[in-house]
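Me: Can you walk me through this one? I'd like to start with the helix, then the rings, then the sheet.

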Amino acid sequence: MQDQPEQQERPEQPDQPEVSRVAVTPAAADVLRTLHAANGPLMFHQSGGCCDGSSPMCYLEGEFRTGGSDVQLAALRIDGMAEPVTFWMSRDQFERWGHTHLTVDVVPGRGSGFSLEAPEGVRFLIRSRLLTAAESEALGWHTRQS
């Protein structure tokens with residue numbers, strides 16, 4: 001059975017449902033806590049196809065240089081970690097994936113990239129689904145008409 005995504009902590013806002021682009025399963029959160037304890041603040045960059053296909057790559061915060069060609073999709077709050085885990089994607093890739101909700105999960109096996117979890121014998125992966133109409137509207141995402 002698939003783990004349910006860990007909820008992100010957010011201030012309460014009456015009449016506004018919690019909407020996010022990225023979530024983390026409890027299993028992935030456990031690995032993130034282990035990596036954080038050993039290494040410090042973390043970040044993800046969603047790979048666009050190099051190294052390990054389209055796996056999210058986990059780095060020390062700031063180790064992967066981001067710039068104007070990248071979009072920060074989330075600052076994930078993980079219980080037991082003081083700093084949020086930022087989640088980035090290239091702007092070009094976001095234009096193609098912007099209509100999806102991403103869930104970071106973890107599975108046994110080693111990835112082939114430079115992601116921090118590789119020595120742990122696991123690898124992060126993305127599970128995705130389409131945003132609902134309500135989520136798209138709340139996030140300001142509008143499908144382009146061709």
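**Helix, rings and sheet**

Me: What is the span of α1, first C-alpha to last?
Reply: This is a predicted model. Helix α1 covers residues 26–39, 14 residues in total, and reaches 20 Å from its first C-alpha to its last. That is close to the 20 Å expected at 1.5 Å a residue.

Me: Which residues of α1 are buried?
Reply: A28, A29, V31, L32, L35 and H36. Seen down the axis of α1, these buried residues fall within an arc of 160°, so they line one face of the helix.

Me: Why would a pattern like that give a face?
Reply: An α-helix has 3.6 residues a turn, so residues three or four places apart point the same way.

Me: And which residues are exposed on the other side of α1?
Reply: A37 and A38 are exposed there.

Me: What covers the buried residues of α1?
Reply: The cover includes strands β1 (22–24), β2 (42–46), β3 (56–60), β6 (100–108) and β7 (122–130).

Me: What comes just after α1?
Reply: G40, with a positive phi of about 105°.

Me: Switching to rings. How many aromatic pairs are there?
Reply: The count is three. In one of them, the rings of F44 and F124 have their centres 5.0 Å apart and their planes at 85°, so the pair is edge-to-face.

Me: Where do F44 and F124 lie?
Reply: F44 lies in strand β2 and F124 in strand β7, so the pair ties together parts that are 80 residues apart in sequence. Both F44 and F124 are buried.

Me: What about Y59 and F64: stacked or edge-to-face?
Reply: Stacked, at 5.2 Å centre to centre with 25° between the planes. Y59 is buried, with a relative accessible area of 12%. F64 is partly exposed, at 28% relative accessibility.

Me: Which residues form the aromatic cluster?
Reply: F44, F87 and F124 form one cluster.

Me: Now the sheet. What is the strand order?
Reply: β1-β6-β7, in an open sheet of three strands with mixed pairing. β1 and β7 stand at the edges with a single partner strand each, so one side of each has no neighbour in the sheet. Neighbouring strands are turned by 25° against each other on average, direction ignored.

Me: β1 and β6: parallel or antiparallel?
Reply: Parallel, over three bridges. A23 stands opposite T103 in β6.

Me: Back to the helix. Which strands of the sheet does α1 touch?
Reply: α1 packs on the sheet and touches β1, β6 and β7. The direction of α1 makes about 70° with that of β6.

Notes
Residues are numbered from 1 along each chain as its sequence is written. This is a predicted model: local features need pLDDT of at least 70, side-chain atom pairs count only at pLDDT 80 or more; totals for chains, interfaces and linings use all residues. Side-chain values use heavy atoms; hydrogens and water are left out. Helices (H or I, at least four residues) and strands (E, at least two) are DSSP runs, numbered from the N terminus. The expected span of a helix is 1.5 Å times one less than its number of residues. Buried means under 20% relative accessible area, exposed over 50%, partly exposed in between (1.4 Å probe, protein chains only). The arc is that of the directions from the helix axis to the C-beta atoms. Contact means heavy atoms within 4.5 Å. Rings of Phe, Tyr and Trp (its six-membered ring) pair if their centres lie within 6.5 Å; planes under 30 degrees apart count as stacked, over 60 as edge-to-face and the rest as tilted. Two strands pair if DSSP finds at least two bridges between them. Axes are lines fitted to C-alpha atoms, for helices over the stretch in contact, and angles run from 0 to 180 degrees between N-to-C directions.
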